[in-house]
Amino acid sequence: MLDLRHLRDAARSEGGVSRRLFLSYASALAAVPLLGTRAEGRVFRRPAFDRDPFSLGVASGDPEPTGVVLWTRLAPDPLTPDGGMPSDLIEVQWEVATDEAMQQVVQQGTTVATPQLAHSVHVEVNGLKPDRWYWYRFRAGDAESSIGRARTMPALMDVPDRLRFAFASCQHYESGLYTAYEHMANDELDLVFHLGDYIYEGAGRDGQIRKHEGPELETLADYRIRHAQYKTDPMLQAMHQACPWVVTWDDHEFDNNCAADISEQPDVDPVDFLLRRANAYQAYYEMMPLRRRSLPHGPDMQLYRTITFGRLANFQVLDTRQYRTDQPNDDRRSPLNEEALDRRNSLLGDRQYGWLQASLLDSSSTWNVLAQQVMMGMVGFPTDDGQIVYSMDQWPGAASERMALMRFLQDRKVPNPVVLTGDIHSNWANDLRVDDREPDASIVASEFVCTSISSGGNGRATIPDLEKRLAMNPGVQFFNAQRGYVRCTVTPESWKSDYQVVEDVTKPGAPAVTKGSFVIEAGRPGIEPA
(Lines give C-alpha, C1' and ligand atoms only; values in the text may rest on other atoms or scores of the structure.)
Protein backbone atom coordinates (compact mmCIF):
# COMPACT_ATOMS: atom_id res chain seq x y z
CA MET A 1 0.00 0.00 0.00
CA LEU A 2 1.28 3.48 -0.87
CA ASP A 3 2.38 5.35 2.26
CA LEU A 4 1.26 8.97 1.98
CA ARG A 5 2.09 10.06 5.50
CA HIS A 6 5.20 11.96 4.41
CA LEU A 7 3.16 14.00 1.91
CA ARG A 8 0.44 14.60 4.48
CA ASP A 9 2.93 15.82 7.06
CA ALA A 10 4.75 17.98 4.52
CA ALA A 11 1.50 19.53 3.40
CA ARG A 12 0.98 20.91 6.89
CA SER A 13 3.02 24.08 7.04
CA GLU A 14 3.44 26.41 9.98
CA GLY A 15 0.11 28.03 10.70
CA GLY A 16 -1.78 26.27 7.94
CA VAL A 17 -1.60 24.07 4.86
CA SER A 18 0.84 24.55 2.00
CA ARG A 19 -1.39 24.85 -1.07
CA ARG A 20 1.18 23.33 -3.45
CA LEU A 21 1.91 20.32 -1.26
CA PHE A 22 -1.76 19.96 -0.39
CA LEU A 23 -2.59 19.59 -4.08
CA SER A 24 0.26 17.10 -4.46
CA TYR A 25 -1.17 15.13 -1.57
CA ALA A 26 -4.67 15.12 -3.09
CA SER A 27 -3.22 13.98 -6.43
CA ALA A 28 -1.37 11.16 -4.71
CA LEU A 29 -4.57 10.09 -2.97
CA ALA A 30 -6.36 10.04 -6.31
CA ALA A 31 -3.65 7.78 -7.69
CA VAL A 32 -4.15 5.11 -5.04
CA PRO A 33 -5.80 2.16 -6.81
CA LEU A 34 -8.82 0.64 -5.12
CA LEU A 35 -8.21 -2.48 -7.19
CA GLY A 36 -11.38 -4.46 -7.76
CA THR A 37 -11.06 -3.67 -11.47
CA ARG A 38 -8.81 -6.71 -11.81
CA ALA A 39 -8.26 -9.56 -9.41
CA GLU A 40 -4.78 -10.88 -8.80
CA GLY A 41 -4.00 -14.00 -6.81
CA ARG A 42 -5.78 -17.23 -6.00
CA VAL A 43 -9.57 -17.16 -6.32
CA PHE A 44 -11.69 -19.30 -4.00
CA ARG A 45 -14.40 -20.81 -6.16
CA ARG A 46 -16.17 -22.95 -3.54
CA PRO A 47 -15.94 -21.01 -0.28
CA ALA A 48 -17.71 -22.38 2.78
CA PHE A 49 -19.76 -20.09 5.04
CA ASP A 50 -21.14 -20.86 8.49
CA ARG A 51 -23.56 -17.89 8.18
CA ASP A 52 -25.43 -16.25 5.31
CA PRO A 53 -22.90 -14.20 3.31
CA PHE A 54 -25.78 -12.29 1.65
CA SER A 55 -26.92 -10.69 4.91
CA LEU A 56 -27.03 -7.23 3.29
CA GLY A 57 -29.38 -8.25 0.51
CA VAL A 58 -29.22 -7.43 -3.19
CA ALA A 59 -29.87 -4.33 -5.25
CA SER A 60 -29.96 -3.05 -8.81
CA GLY A 61 -29.30 0.43 -10.07
CA ASP A 62 -28.38 2.89 -12.83
CA PRO A 63 -30.57 1.14 -15.44
CA GLU A 64 -30.07 1.72 -19.15
CA PRO A 65 -32.10 0.52 -22.16
CA THR A 66 -30.06 -2.67 -22.50
CA GLY A 67 -28.47 -3.11 -19.10
CA VAL A 68 -28.43 -2.56 -15.37
CA VAL A 69 -26.04 -2.80 -12.42
CA LEU A 70 -26.53 -5.73 -10.04
CA TRP A 71 -25.09 -5.34 -6.53
CA THR A 72 -24.45 -7.39 -3.45
CA ARG A 73 -21.77 -7.64 -0.78
CA LEU A 74 -20.52 -10.79 0.95
CA ALA A 75 -20.76 -10.12 4.69
CA PRO A 76 -21.63 -13.05 6.99
CA ASP A 77 -20.80 -10.83 9.99
CA PRO A 78 -21.82 -7.41 8.64
CA LEU A 79 -21.16 -5.24 11.71
CA THR A 80 -17.43 -5.93 11.71
CA PRO A 81 -14.82 -4.05 9.66
CA ASP A 82 -14.23 -6.95 7.26
CA GLY A 83 -17.81 -8.21 7.27
CA GLY A 84 -16.62 -11.54 8.61
CA MET A 85 -14.78 -12.28 5.37
CA PRO A 86 -11.19 -13.49 4.92
CA SER A 87 -8.66 -11.47 2.94
CA ASP A 88 -9.18 -13.68 -0.08
CA LEU A 89 -10.62 -13.33 -3.56
CA ILE A 90 -14.03 -14.99 -3.74
CA GLU A 91 -15.79 -16.09 -6.91
CA VAL A 92 -19.43 -14.99 -7.11
CA GLN A 93 -21.84 -16.35 -9.70
CA TRP A 94 -24.77 -14.32 -11.01
CA GLU A 95 -27.85 -15.10 -13.10
CA VAL A 96 -30.49 -12.99 -14.83
CA ALA A 97 -33.84 -14.50 -15.83
CA THR A 98 -37.11 -13.38 -17.38
CA ASP A 99 -39.17 -15.06 -14.63
CA GLU A 100 -39.23 -14.85 -10.86
CA ALA A 101 -38.69 -18.61 -10.53
CA MET A 102 -35.34 -18.15 -12.34
CA GLN A 103 -36.19 -20.88 -14.84
CA GLN A 104 -35.69 -18.78 -17.99
CA VAL A 105 -32.08 -17.65 -17.50
CA VAL A 106 -30.96 -15.26 -20.25
CA GLN A 107 -27.57 -14.23 -18.90
CA GLN A 108 -25.16 -15.58 -16.33
CA GLY A 109 -21.54 -15.26 -15.38
CA THR A 110 -18.98 -15.01 -12.63
CA THR A 111 -17.18 -12.12 -11.00
CA VAL A 112 -14.66 -11.81 -8.20
CA ALA A 113 -15.36 -10.14 -4.85
CA THR A 114 -12.16 -8.58 -3.52
CA PRO A 115 -11.20 -7.54 0.01
CA GLN A 116 -10.06 -4.18 -1.38
CA LEU A 117 -13.73 -3.33 -2.02
CA ALA A 118 -15.07 -5.13 1.07
CA HIS A 119 -16.13 -8.11 -1.08
CA SER A 120 -18.78 -5.99 -2.78
CA VAL A 121 -19.97 -6.94 -6.26
CA HIS A 122 -21.01 -4.55 -9.03
CA VAL A 123 -22.03 -6.54 -12.13
CA GLU A 124 -22.79 -4.40 -15.18
CA VAL A 125 -25.14 -6.59 -17.21
CA ASN A 126 -25.50 -5.63 -20.88
CA GLY A 127 -27.33 -7.07 -23.88
CA LEU A 128 -30.80 -7.15 -22.30
CA LYS A 129 -33.98 -6.08 -24.07
CA PRO A 130 -35.29 -2.55 -23.47
CA ASP A 131 -38.25 -1.79 -21.21
CA ARG A 132 -38.38 -5.27 -19.63
CA TRP A 133 -38.50 -6.65 -16.11
CA TYR A 134 -35.88 -9.20 -15.12
CA TRP A 135 -35.03 -11.18 -11.99
CA TYR A 136 -31.54 -11.91 -10.68
CA ARG A 137 -29.62 -13.68 -7.92
CA PHE A 138 -26.09 -14.43 -6.76
CA ARG A 139 -24.29 -17.53 -5.49
CA ALA A 140 -21.05 -17.90 -3.53
CA GLY A 141 -20.07 -21.47 -2.67
CA ASP A 142 -23.23 -23.20 -1.47
CA ALA A 143 -24.88 -19.92 -0.42
CA GLU A 144 -27.56 -18.31 -2.55
CA SER A 145 -28.91 -14.77 -2.32
CA SER A 146 -32.52 -13.68 -2.34
CA ILE A 147 -33.99 -12.98 -5.79
CA GLY A 148 -34.13 -9.35 -6.81
CA ARG A 149 -36.21 -7.66 -9.48
CA ALA A 150 -34.68 -5.23 -11.97
CA ARG A 151 -35.71 -3.59 -15.18
CA THR A 152 -34.22 -1.94 -18.22
CA MET A 153 -35.22 1.49 -19.45
CA PRO A 154 -37.19 2.03 -22.67
CA ALA A 155 -35.20 2.53 -25.87
CA LEU A 156 -33.90 6.05 -26.27
CA MET A 157 -36.36 7.03 -29.03
CA ASP A 158 -39.42 5.31 -27.55
CA VAL A 159 -42.16 7.34 -25.85
CA PRO A 160 -43.60 5.16 -23.06
CA ASP A 161 -47.18 5.59 -21.91
CA ARG A 162 -46.24 5.90 -18.23
CA LEU A 163 -43.43 6.06 -15.68
CA ARG A 164 -44.16 5.43 -12.02
CA PHE A 165 -41.36 6.16 -9.54
CA ALA A 166 -40.72 7.42 -6.02
CA PHE A 167 -38.06 9.61 -4.50
CA ALA A 168 -36.84 9.73 -0.92
CA SER A 169 -34.08 11.05 1.31
CA CYS A 170 -32.80 11.32 4.88
CA GLN A 171 -33.14 7.97 6.65
CA HIS A 172 -31.57 8.47 10.08
CA TYR A 173 -31.41 4.98 11.58
CA GLU A 174 -31.70 6.10 15.19
CA SER A 175 -34.63 8.47 14.65
CA GLY A 176 -37.25 6.07 13.37
CA LEU A 177 -38.28 2.95 11.51
CA TYR A 178 -38.27 2.60 7.74
CA THR A 179 -42.02 2.07 7.53
CA ALA A 180 -42.16 4.31 4.47
CA TYR A 181 -40.22 1.71 2.50
CA GLU A 182 -42.66 -0.98 3.60
CA HIS A 183 -45.43 1.00 1.91
CA MET A 184 -43.30 2.04 -1.06
CA ALA A 185 -42.70 -1.64 -1.85
CA ASN A 186 -46.44 -2.03 -2.54
CA ASP A 187 -46.54 0.83 -5.07
CA GLU A 188 -45.35 -1.20 -8.10
CA LEU A 189 -42.65 1.30 -9.04
CA ASP A 190 -40.34 1.37 -12.04
CA LEU A 191 -37.60 3.28 -10.20
CA VAL A 192 -36.56 4.82 -6.90
CA PHE A 193 -34.41 7.93 -6.61
CA HIS A 194 -32.58 8.45 -3.32
CA LEU A 195 -31.47 12.07 -3.01
CA GLY A 196 -29.04 11.86 -0.13
CA ASP A 197 -28.42 11.23 3.55
CA TYR A 198 -28.62 7.50 3.07
CA ILE A 199 -26.61 7.16 6.29
CA TYR A 200 -25.77 9.56 9.12
CA GLU A 201 -22.26 9.91 10.43
CA GLY A 202 -22.88 10.71 14.11
CA ALA A 203 -21.89 8.51 17.04
CA GLY A 204 -24.42 6.14 18.58
CA ARG A 205 -26.75 7.72 21.17
CA ASP A 206 -28.72 6.10 23.93
CA GLY A 207 -32.47 6.56 24.27
CA GLN A 208 -33.26 6.55 20.53
CA ILE A 209 -35.54 4.24 18.54
CA ARG A 210 -32.41 2.36 17.46
CA LYS A 211 -28.72 2.96 18.10
CA HIS A 212 -25.85 3.54 15.72
CA GLU A 213 -22.89 1.21 15.99
CA GLY A 214 -19.64 2.96 16.91
CA PRO A 215 -18.31 6.50 17.19
CA GLU A 216 -18.62 9.39 14.77
CA LEU A 217 -17.38 8.08 11.46
CA GLU A 218 -13.77 8.73 10.48
CA THR A 219 -12.13 5.57 9.15
CA LEU A 220 -13.01 3.33 6.24
CA ALA A 221 -13.98 0.62 8.75
CA ASP A 222 -16.31 3.09 10.51
CA TYR A 223 -18.13 3.98 7.30
CA ARG A 224 -18.37 0.36 6.20
CA ILE A 225 -19.97 -0.72 9.47
CA ARG A 226 -22.47 2.16 9.42
CA HIS A 227 -23.54 1.43 5.84
CA ALA A 228 -23.87 -2.26 6.72
CA GLN A 229 -25.99 -1.47 9.77
CA TYR A 230 -28.41 0.53 7.63
CA LYS A 231 -28.50 -2.19 4.99
CA THR A 232 -29.51 -4.81 7.58
CA ASP A 233 -32.93 -3.16 7.85
CA PRO A 234 -35.41 -5.61 6.26
CA MET A 235 -37.72 -2.92 4.85
CA LEU A 236 -34.82 -1.12 3.17
CA GLN A 237 -33.56 -4.43 1.77
CA ALA A 238 -37.00 -5.31 0.43
CA MET A 239 -37.31 -1.98 -1.38
CA HIS A 240 -33.88 -2.38 -2.96
CA GLN A 241 -34.95 -5.85 -4.04
CA ALA A 242 -38.13 -4.57 -5.69
CA CYS A 243 -36.79 -2.30 -8.45
CA PRO A 244 -33.70 -0.35 -9.56
CA TRP A 245 -32.46 2.59 -7.51
CA VAL A 246 -30.66 5.72 -8.68
CA VAL A 247 -28.65 7.23 -5.84
CA THR A 248 -26.80 10.43 -5.11
CA TRP A 249 -25.45 11.76 -1.85
CA ASP A 250 -25.84 14.89 0.22
CA ASP A 251 -23.71 15.69 3.26
CA HIS A 252 -24.26 13.01 5.92
CA GLU A 253 -22.77 10.27 3.77
CA PHE A 254 -19.56 12.10 4.65
CA ASP A 255 -19.94 14.97 7.16
CA ASN A 256 -22.70 17.43 8.03
CA ASN A 257 -22.86 20.58 5.86
CA CYS A 258 -19.57 19.83 4.14
CA ALA A 259 -18.72 22.05 1.17
CA ALA A 260 -16.21 20.39 -1.16
CA ASP A 261 -13.12 19.97 1.04
CA ILE A 262 -14.29 22.46 3.68
CA SER A 263 -15.63 21.29 7.05
CA GLU A 264 -18.27 23.16 9.01
CA GLN A 265 -15.83 22.92 11.95
CA PRO A 266 -13.17 25.65 11.61
CA ASP A 267 -10.42 23.71 13.41
CA VAL A 268 -10.47 20.64 11.13
CA ASP A 269 -7.22 19.98 9.28
CA PRO A 270 -8.18 20.07 5.55
CA VAL A 271 -5.71 17.28 4.77
CA ASP A 272 -7.29 14.98 7.34
CA PHE A 273 -10.68 16.06 6.02
CA LEU A 274 -9.79 14.81 2.54
CA LEU A 275 -8.53 11.55 4.01
CA ARG A 276 -11.87 11.12 5.74
CA ARG A 277 -13.69 11.97 2.52
CA ALA A 278 -11.76 9.28 0.67
CA ASN A 279 -12.91 6.77 3.30
CA ALA A 280 -16.52 7.91 3.04
CA TYR A 281 -16.53 7.82 -0.75
CA GLN A 282 -15.04 4.35 -0.97
CA ALA A 283 -17.56 2.92 1.50
CA TYR A 284 -20.40 4.62 -0.41
CA TYR A 285 -19.30 3.07 -3.69
CA GLU A 286 -18.91 -0.34 -2.08
CA MET A 287 -22.46 -0.28 -0.74
CA MET A 288 -24.39 1.18 -3.69
CA PRO A 289 -25.48 -0.25 -7.08
CA LEU A 290 -23.22 2.09 -9.04
CA ARG A 291 -21.33 1.65 -12.30
CA ARG A 292 -17.55 1.43 -12.49
CA ARG A 293 -17.45 4.98 -13.85
CA SER A 294 -18.23 6.05 -10.26
CA LEU A 295 -15.31 4.15 -8.75
CA PRO A 296 -13.67 6.77 -6.50
CA HIS A 297 -10.14 8.03 -6.96
CA GLY A 298 -9.05 8.85 -3.43
CA PRO A 299 -11.22 11.79 -2.27
CA ASP A 300 -12.88 12.28 -5.69
CA MET A 301 -15.88 10.42 -7.08
CA GLN A 302 -18.17 11.35 -9.96
CA LEU A 303 -21.87 10.89 -9.31
CA TYR A 304 -23.52 13.36 -11.69
CA ARG A 305 -24.98 11.49 -14.65
CA THR A 306 -28.03 11.11 -16.90
CA ILE A 307 -30.75 8.45 -16.55
CA THR A 308 -33.24 8.26 -19.42
CA PHE A 309 -36.73 6.80 -19.60
CA GLY A 310 -37.09 6.84 -23.36
CA ARG A 311 -38.24 10.21 -24.62
CA LEU A 312 -40.70 10.52 -21.76
CA ALA A 313 -38.24 11.74 -19.11
CA ASN A 314 -34.57 12.65 -18.81
CA PHE A 315 -33.16 12.71 -15.27
CA GLN A 316 -30.02 14.74 -14.66
CA VAL A 317 -28.69 13.42 -11.36
CA LEU A 318 -26.68 16.16 -9.62
CA ASP A 319 -24.03 16.40 -6.90
CA THR A 320 -24.36 19.65 -4.95
CA ARG A 321 -21.76 18.76 -2.27
CA GLN A 322 -18.47 17.70 -3.80
CA TYR A 323 -17.84 20.77 -5.97
CA ARG A 324 -19.57 23.58 -4.10
CA THR A 325 -18.02 26.70 -2.66
CA ASP A 326 -18.19 27.40 1.06
CA GLN A 327 -21.57 28.52 2.34
CA PRO A 328 -21.72 32.33 2.53
CA ASN A 329 -22.46 34.32 5.68
CA ASP A 330 -20.88 31.60 7.87
CA ASP A 331 -23.72 29.25 6.87
CA ARG A 332 -26.27 31.22 8.90
CA ARG A 333 -29.75 32.08 7.67
CA SER A 334 -29.19 35.46 6.08
CA PRO A 335 -30.75 38.00 3.75
CA LEU A 336 -29.81 37.79 0.10
CA ASN A 337 -26.98 40.21 0.70
CA GLU A 338 -23.82 40.89 -1.29
CA GLU A 339 -22.10 37.77 0.03
CA ALA A 340 -25.05 35.51 -0.85
CA LEU A 341 -25.31 37.05 -4.33
CA ASP A 342 -21.60 36.75 -5.10
CA ARG A 343 -21.31 35.36 -8.65
CA ARG A 344 -18.46 33.09 -7.54
CA ASN A 345 -20.75 31.08 -5.25
CA SER A 346 -21.61 27.70 -6.71
CA LEU A 347 -23.32 24.46 -5.75
CA LEU A 348 -22.34 22.66 -8.95
CA GLY A 349 -18.85 23.80 -9.89
CA ASP A 350 -17.93 24.89 -13.42
CA ARG A 351 -17.53 21.43 -14.97
CA GLN A 352 -20.80 20.00 -13.65
CA TYR A 353 -22.67 23.20 -14.54
CA GLY A 354 -21.37 23.02 -18.11
CA TRP A 355 -22.27 19.33 -18.33
CA LEU A 356 -25.79 20.10 -17.07
CA GLN A 357 -26.35 22.81 -19.67
CA ALA A 358 -25.15 20.54 -22.48
CA SER A 359 -27.28 17.63 -21.24
CA LEU A 360 -30.40 19.79 -21.11
CA LEU A 361 -29.80 21.11 -24.62
CA ASP A 362 -29.27 17.57 -25.91
CA SER A 363 -32.50 16.23 -24.41
CA SER A 364 -35.47 15.39 -26.63
CA SER A 365 -37.63 14.27 -23.70
CA THR A 366 -41.03 15.59 -22.72
CA TRP A 367 -39.96 16.02 -19.07
CA ASN A 368 -36.52 17.27 -18.03
CA VAL A 369 -35.80 16.49 -14.41
CA LEU A 370 -33.08 17.60 -12.02
CA ALA A 371 -32.69 15.01 -9.25
CA GLN A 372 -30.70 16.81 -6.60
CA GLN A 373 -30.24 17.56 -2.92
CA VAL A 374 -31.11 21.00 -1.52
CA MET A 375 -34.16 23.20 -2.00
CA MET A 376 -34.07 25.37 -5.11
CA GLY A 377 -37.08 27.48 -4.16
CA MET A 378 -35.99 30.82 -2.69
CA VAL A 379 -38.07 30.48 0.46
CA GLY A 380 -37.59 33.34 2.91
CA PHE A 381 -38.37 33.38 6.63
CA PRO A 382 -39.13 36.52 8.65
CA THR A 383 -37.06 37.55 11.66
CA ASP A 384 -38.13 39.57 14.67
CA ASP A 385 -36.31 42.64 13.33
CA GLY A 386 -38.23 42.56 10.03
CA GLN A 387 -35.62 40.96 7.79
CA ILE A 388 -36.27 38.09 5.38
CA VAL A 389 -33.61 35.41 5.68
CA TYR A 390 -32.77 32.35 3.58
CA SER A 391 -30.84 29.13 4.10
CA MET A 392 -27.25 29.56 2.91
CA ASP A 393 -26.78 25.79 2.62
CA GLN A 394 -29.53 25.66 0.01
CA TRP A 395 -29.63 27.27 -3.44
CA PRO A 396 -30.11 30.83 -2.06
CA GLY A 397 -26.48 30.50 -0.89
CA ALA A 398 -25.58 30.43 -4.60
CA ALA A 399 -28.39 32.70 -5.69
CA SER A 400 -26.66 34.01 -8.83
CA GLU A 401 -25.94 30.50 -10.09
CA ARG A 402 -29.50 29.43 -9.30
CA MET A 403 -31.03 32.40 -11.13
CA ALA A 404 -28.69 31.85 -14.10
CA LEU A 405 -29.84 28.23 -14.28
CA MET A 406 -33.51 29.29 -14.23
CA ARG A 407 -32.78 31.87 -16.91
CA PHE A 408 -31.05 29.21 -19.01
CA LEU A 409 -34.11 26.93 -18.74
CA GLN A 410 -36.36 29.82 -19.73
CA ASP A 411 -34.26 31.27 -22.57
CA ARG A 412 -33.42 27.89 -24.14
CA LYS A 413 -37.03 26.76 -23.79
CA VAL A 414 -36.12 23.47 -22.10
CA PRO A 415 -39.39 21.50 -22.08
CA ASN A 416 -41.18 20.91 -18.80
CA PRO A 417 -38.36 21.27 -16.24
CA VAL A 418 -39.02 19.61 -12.88
CA VAL A 419 -36.75 19.65 -9.82
CA LEU A 420 -36.72 16.81 -7.26
CA THR A 421 -35.24 17.65 -3.86
CA GLY A 422 -34.57 16.10 -0.44
CA ASP A 423 -32.53 17.29 2.56
CA ILE A 424 -34.83 19.32 4.82
CA HIS A 425 -37.13 16.71 6.42
CA SER A 426 -40.28 18.38 5.13
CA ASN A 427 -42.54 18.29 2.08
CA TRP A 428 -42.83 21.27 -0.25
CA ALA A 429 -44.30 21.93 -3.68
CA ASN A 430 -42.82 25.07 -5.24
CA ASP A 431 -43.27 27.03 -8.43
CA LEU A 432 -39.84 28.30 -9.50
CA ARG A 433 -39.12 31.63 -11.19
CA VAL A 434 -35.86 33.22 -12.21
CA ASP A 435 -36.17 35.26 -9.00
CA ASP A 436 -38.78 33.88 -6.62
CA ARG A 437 -39.01 37.29 -4.93
CA GLU A 438 -40.87 38.50 -8.04
CA PRO A 439 -44.26 36.74 -7.90
CA ASP A 440 -45.50 38.36 -11.12
CA ALA A 441 -42.66 36.88 -13.16
CA SER A 442 -43.26 33.83 -15.34
CA ILE A 443 -43.06 30.37 -13.78
CA VAL A 444 -40.09 28.52 -15.25
CA ALA A 445 -40.06 25.15 -13.46
CA SER A 446 -41.69 23.15 -10.68
CA GLU A 447 -40.03 21.69 -7.59
CA PHE A 448 -41.21 18.77 -5.49
CA VAL A 449 -39.39 18.40 -2.17
CA CYS A 450 -39.70 15.15 -0.24
CA THR A 451 -39.57 14.88 3.52
CA SER A 452 -37.36 12.39 5.33
CA ILE A 453 -37.90 8.66 5.63
CA SER A 454 -37.19 8.82 9.38
CA SER A 455 -34.89 11.76 10.21
CA GLY A 456 -36.36 14.08 12.78
CA GLY A 457 -38.78 11.58 14.27
CA ASN A 458 -42.46 11.91 13.51
CA GLY A 459 -42.37 15.59 12.67
CA ARG A 460 -45.60 17.56 12.45
CA ALA A 461 -48.25 18.38 9.93
CA THR A 462 -47.93 22.15 10.29
CA ILE A 463 -45.85 24.86 11.94
CA PRO A 464 -46.72 28.11 13.78
CA ASP A 465 -47.56 31.05 11.51
CA LEU A 466 -47.65 28.74 8.49
CA GLU A 467 -50.20 30.80 6.59
CA LYS A 468 -48.19 33.96 7.16
CA ARG A 469 -45.02 32.30 5.94
CA LEU A 470 -46.72 30.89 2.87
CA ALA A 471 -48.15 34.30 2.05
CA MET A 472 -44.61 35.68 2.07
CA ASN A 473 -43.55 32.99 -0.41
CA PRO A 474 -46.16 32.83 -3.18
CA GLY A 475 -44.21 30.17 -5.04
CA VAL A 476 -44.90 27.65 -2.26
CA GLN A 477 -48.01 25.59 -3.01
CA PHE A 478 -47.75 22.97 -0.25
CA PHE A 479 -45.93 22.29 3.02
CA ASN A 480 -45.91 19.36 5.44
CA ALA A 481 -43.28 18.21 7.96
CA GLN A 482 -44.17 14.59 8.64
CA ARG A 483 -42.24 11.54 7.43
CA GLY A 484 -42.66 9.69 4.12
CA TYR A 485 -41.82 9.90 0.43
CA VAL A 486 -43.17 11.23 -2.87
CA ARG A 487 -44.68 8.95 -5.51
CA CYS A 488 -44.79 10.26 -9.07
CA THR A 489 -46.79 9.17 -12.10
CA VAL A 490 -45.57 10.63 -15.38
CA THR A 491 -47.23 10.45 -18.80
CA PRO A 492 -46.67 12.42 -22.02
CA GLU A 493 -49.56 14.66 -20.99
CA SER A 494 -49.06 15.21 -17.25
CA TRP A 495 -47.01 14.74 -14.10
CA LYS A 496 -48.65 13.83 -10.79
CA SER A 497 -46.87 13.84 -7.41
CA ASP A 498 -48.49 12.15 -4.39
CA TYR A 499 -47.06 13.08 -0.99
CA GLN A 500 -47.18 9.83 0.98
CA VAL A 501 -46.96 10.40 4.74
CA VAL A 502 -46.30 7.90 7.56
CA GLU A 503 -47.59 9.62 10.68
CA ASP A 504 -45.69 7.47 13.21
CA VAL A 505 -42.21 6.07 12.58
CA THR A 506 -41.55 5.23 16.24
CA LYS A 507 -43.67 2.06 16.19
CA PRO A 508 -44.08 -0.58 13.47
CA GLY A 509 -47.20 -0.92 11.35
CA ALA A 510 -48.22 2.71 10.86
CA PRO A 511 -50.33 3.32 7.74
CA ALA A 512 -49.35 5.60 4.88
CA VAL A 513 -51.75 8.34 3.79
CA THR A 514 -51.71 10.74 0.85
CA LYS A 515 -51.41 14.23 2.37
CA GLY A 516 -51.40 16.07 -0.94
CA SER A 517 -51.45 15.43 -4.69
CA PHE A 518 -50.34 17.91 -7.33
CA VAL A 519 -50.19 17.90 -11.10
CA ILE A 520 -48.35 19.68 -13.88
CA GLU A 521 -49.77 19.67 -17.39
CA ALA A 522 -47.14 19.25 -20.09
CA GLY A 523 -46.50 22.59 -21.79
CA ARG A 524 -48.17 24.59 -18.98
CA PRO A 525 -45.72 25.59 -16.23
CA GLY A 526 -47.11 25.64 -12.71
CA ILE A 527 -48.30 23.24 -10.04
CA GLU A 528 -52.02 22.65 -9.53
CA PRO A 529 -53.85 20.55 -6.91
CA ALA A 530 -54.84 17.16 -8.30
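How many helices and strands does the secondary structure of the protein chain contain? In this predicted model, residues are numbered from 1 along each chain as its sequence is written, local features need pLDDT of at least 70, side-chain atom pairs count only at pLDDT 80 or more, and totals for chains, interfaces and linings use all residues. Side-chain values use heavy atoms, with hydrogens and water left out. The protein chain has nine helices and 27 strands, taken as DSSP runs (helices H or I, at least four residues; strands E, at least two) numbered from the N terminus.

The C-alpha trace spans about 70 × 65 × 50 Å along its principal axes. Buried residues (under 20% relative accessible area, 1.4 Å probe, protein chains only) make up 59% of the 530.

The largest nonpolar core has 43 residues, of which Tyr181, Met184, Met239, Trp245, Tyr284, Leu290 and Met301 touch the most other members. Such a core is a set of buried Ala, Val, Leu, Ile, Met, Phe, Trp, Tyr and Cys residues joined through side-chain atoms within 4.5 Å. Helix α6 gives the largest share of this core, six residues. Leaving aside residues up to four places away in sequence, Leu290 is in contact (heavy atoms within 4.5 Å) with residues including Asp62, His122, Tyr284 and Met301. Another core, of 31 residues, lies apart from it and includes Leu163, Phe315, Trp367 and Phe478.

Methods. Buried means under 20% relative accessible area, exposed over 50%, partly exposed in between (1.4 Å probe, protein chains only).
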